[in-house]
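Here is a short note for a colleague who is meeting this structure for the first time. Please read the points below with the sequence and the model side by side.

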Amino acid sequence: MHKANQIVAEALAEIKEHIRPDVETLELNALAEEICRRQKVKPAFKHYRGYPSSICVSINDEVVHGIPSHRRLQAGDVVSIDFGVRYDGYFGDAALTVAVGEVSDTAQRLIATTEEALYAGIAQVVSGNRLSDVSHAVQKTVEAQGFSVIRDFVGHGIGRSLHEDPQIPNFGPPGHGPVLQPGMTFAIEPMVSAGSWEIVVLPDGWTAKTRDGSLAAHFEHSVALTEKGVLILSKL
Ligand code: MF3
Ligand code: CO
């Protein structure tokens, strides 16, 4: 899983380098597929429940699962890239959000807060903690900045499948759910709106956007709880 996730992390770093005004989101998808061939891994999302592409590219008010297209990025956009692979039977999954050129102060704060919320969640991955301690830490970090956590999507267990139990909501009271133990592996993925948390799914059946049109951001790491503490598998 570490190897799978390191490949995801390297790929996201390489894709990030190509994010600039005028790039077509399909070009970013093509790059991800070239990386998969180079690394001899399978893209995890392609054909997953009929998803057509290897990455998700979600722009501005799109929260997650945006489908690569001929749309071109523009200065001022907030772009989330989500990518996963399968390597030797194990999955890696991670996501990040970046600004294209200059973005608003709110957009910068949204991106920074979402990443901060991911790390606040990861900090709760401690033996003996309960799973909802992760959820609660994410929610607290987000709401302290006046933003909202998306409620219709969750983080998840990950391993021999992309999505395993348990689901990991990004909100809720602490002290509930399974007790965390070494050997457990999770994908933690806060999705955050600058406005309301309500989303709508576009007629393409995938693209989830905020109902009120506010900006959204998404960060994800796959992590393992080891005897020595939490290991962020998808961090370079
Ligand atoms: N990181 C997302 C997830 O964990 C990616 C899924 S996109 C899909 O759910 F197309 F594969 F569904
Ligand atoms: Co995921």
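1. A residue is called buried when its relative accessible area is under 20%. By that cut-off, eight of the 10 residues of strand E5 (residues 90–99) are buried, so this strand is largely enclosed by the rest of the structure. Please keep in mind that this is a predicted model.

2. The partner of E5 is strand E4 (residues 78–87), and the two pair in the antiparallel sense over 10 bridges. They form a hairpin with two residues between them, and in its turn aspartate 88 has a positive phi of about 50°. Tyrosine 87 has tyrosine 90 in E5 as its bridge partner.

3. Aspartate 93 counts as buried because its relative accessibility is 2%, and glutamate 220 counts as buried at 1%.

4. Elsewhere, an open sheet of three strands has the order E3-E12-E11 with antiparallel pairing. Its edge strands, each pairing on one side only, are strand E3 (62–64) and strand E11 (199–201). On average, and with direction ignored, neighbouring strands of this sheet are turned by 40° against each other.

5. Within that sheet, E11 and strand E12 (residues 208–210) run antiparallel and are joined by three bridges, with valine 201 standing opposite alanine 208 in E12.

Terms used
Residues are numbered from 1 along each chain as its sequence is written. Chains are lettered from A and ligands numbered from 1 in the order in which they are written. This is a predicted model: local features need pLDDT of at least 70, side-chain atom pairs count only at pLDDT 80 or more; totals for chains, interfaces and linings use all residues. Side-chain values use heavy atoms; hydrogens and water are left out. Buried means under 20% relative accessible area, exposed over 50%, partly exposed in between (1.4 Å probe, protein chains only). Helices (H or I, at least four residues) and strands (E, at least two) are DSSP runs, numbered from the N terminus. Two strands pair if DSSP finds at least two bridges between them. Axes are lines fitted to C-alpha atoms, for helices over the stretch in contact, and angles run from 0 to 180 degrees between N-to-C directions.
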